Amino acid sequence: MSLHASLASLKDIGRVRVMPAPDIFDRRAVRNHKARAAHTFQKISPILNAATDILLERLDDITRPLSSALDLGGQGTIVPLLEKRGMTVVSCQETLPASQQAAHPTVCVNYEHLPFAQHSFDLVVANLSLHWINDLPGTFAQIRHILRPDGLFLASMPILPTLRPLKHALEMAELALCDGVSPRVSPLPTQQSCAQLLQRTGFALPVVDTEKLDLRYRSLTGLLQDLRAAGETNALTLRSKTTPPRMLFPAAAAELETDPDGTFAMPLHIAVLTAWTPSPDQPHPLKPGQFTHSLATALTDAPSPKNNV
């Protein structure tokens, strides 16, 4: 091979593009499920209301005035509560039926492509609405872009081990009935991965803590009906497109651990994300070497505990 050919080959290698990772979620299926759930969402309103109360409690500790807010997928529970706090709110849903069902004026948008200008809001709230997004870092980066400096991002997301008992029961039942298993329960993040995501996308002062809603069901059918009513049924790209075996769900129900009263626990574990867009007047941690007192000095100067016996 000539030198010229070798250089040409190197140029070709430099032009090779890295293929994007395959999508985890079938976004068309997600939108179809959410559109269908627009007429049934009220069936799980107690769960949504409890999650809303947990999320908006974080605003009680905020002293910075917030005048304009963006609500992503609040299903009508977020808007009136923010308006009571004196904010002007823009509400969004991902499907037209959900937008039409909303009690407040609502914009239909794709959460992976937010159509808002830079520095449009003081607050962005997302209550259990971002866990079906493929490019979650991209959406977080867009949220940071549309927030004003020192703006607040407040979100809740279901995290592991939510639905882990259901996933295990379905896998055991399918293994007993078929030659293998197919993905039927959506993968969820962990508390640690949520914190890493906030840091990766450039948010300042990130805090991620967890809450748990203790839910119990009398039957697997009741759980599946709630998931369907919420638009949370299987939308994985690699999901099986065939009809499940007739005995799959009765066999899965038998795998669930029930209490003497016949009910089983299916708690909803929630990560509550609080983070700010960077601003020059925000507090910043001291750099190494900037401390005025060493830990060794503080421990040496600390008074000895008294013996009160």
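This is a predicted model: local features need pLDDT of at least 70, side-chain atom pairs count only at pLDDT 80 or more; totals for chains, interfaces and linings use all residues.
Which residues is His 269 in contact with, leaving aside its neighbours within four places in sequence?

Close-up 1. Leaving aside neighbours within four places in sequence, the residues in contact with His 269 are Met 157, Pro 158, Ile 159, Leu 160, Pro 161, Thr 162, Glu 211 and Lys 212. His 269 has a relative accessible area of 18%, so it counts as buried.

**Close-up 2. The cis peptide bond at Pro 161.** Pro 161, one of the residues in contact with His 269, sits in the loop between β5 (147–158) and α7. Check the link between Leu 160 and Pro 161: this is a cis peptide bond, with omega at about 10°.

**Close-up 3. Strand β1, covered on both faces.** Take a look at β1 (residues 68–72), where five of five residues are buried. In a regular strand, side chains alternate between the two faces of the sheet. In β1, Ser 68, Leu 70 and Leu 72 are on one side, Ala 69 and Asp 71 are on the other, and all are buried. β1 runs parallel to β2 (residues 88–93), with five bridges joining them, and Ser 68 stands opposite Thr 88 of β2. β1 also runs parallel to β4 (residues 121–127), this time with four bridges; there, Leu 72 stands opposite Ala 126.

Close-up 4. With a relative accessible area of 0%, Ile 78 is buried. Not counting residues up to four places away in sequence, Ile 78 touches Thr 52, Leu 56, Asp 71, Val 125 and Asn 127. The C-alpha atoms of Ile 78 and Ser 91 are 8.7 Å apart, while the two residues are 13 residues apart along the chain.

**Close-up 5. Helix α9 and its packing partners.** In α9 (residues 220–229), Leu 220, Gly 222, Leu 223, Leu 227 and Ala 229 are buried. What do the buried residues of α9 pack against? The partners are α2 (27–37), α7 (164–177), β7 (216–217), α10 (248–255) and β8 (264–265). Just after the helix, Gly 231 takes a positive phi of about 75°.

**Close-up 6. The largest pocket and its lining.** The volume of this pocket is about 1,100 Å³. Its lining takes in 50 residues, and those nearest the centre are Trp 132, Leu 163, Leu 227, Glu 232 and Thr 233. Helices α2, α3 (45–56), α7 and α9 each supply at least two lining residues, with the largest share, four residues, coming from α9. Sort the lining by class and you get 29 nonpolar, 14 polar and seven charged residues.

**Close-up 7. Positive phi at His 119 and Asp 150.** His 119 is a residue other than glycine, yet its phi is positive, near 60°. His 119 lies in the loop between β3 (106–108) and β4, and at 38% relative accessibility it counts as partly exposed. Asp 150 isn't a glycine either, and has a positive phi of about 65°. Asp 150 has its place in strand β5. Is Asp 150 buried or exposed? The cut-off for buried is under 20%, so Asp 150, at 18% relative accessibility, counts as buried.

Definitions and conventions. Residues are numbered from 1 along each chain as its sequence is written. Side-chain values use heavy atoms; hydrogens and water are left out. Buried means under 20% relative accessible area, exposed over 50%, partly exposed in between (1.4 Å probe, protein chains only). Contact means heavy atoms within 4.5 Å. Two strands pair if DSSP finds at least two bridges between them. On a 1 Å grid over the protein atoms alone, a cavity is a set of points where a 1.4 Å probe fits but cannot get out, and a pocket is an open set with protein on both sides within 12 Å along at least five of seven lines; lining residues have an atom within 4 Å of a point. Grid points are joined across faces, edges and corners, and a volume is the space filled by probe spheres set on the points. Ala, Val, Leu, Ile, Met, Phe, Trp, Tyr, Cys and Pro count as nonpolar, Asp, Glu, Lys and Arg as charged, and the others, Gly among them, as polar.
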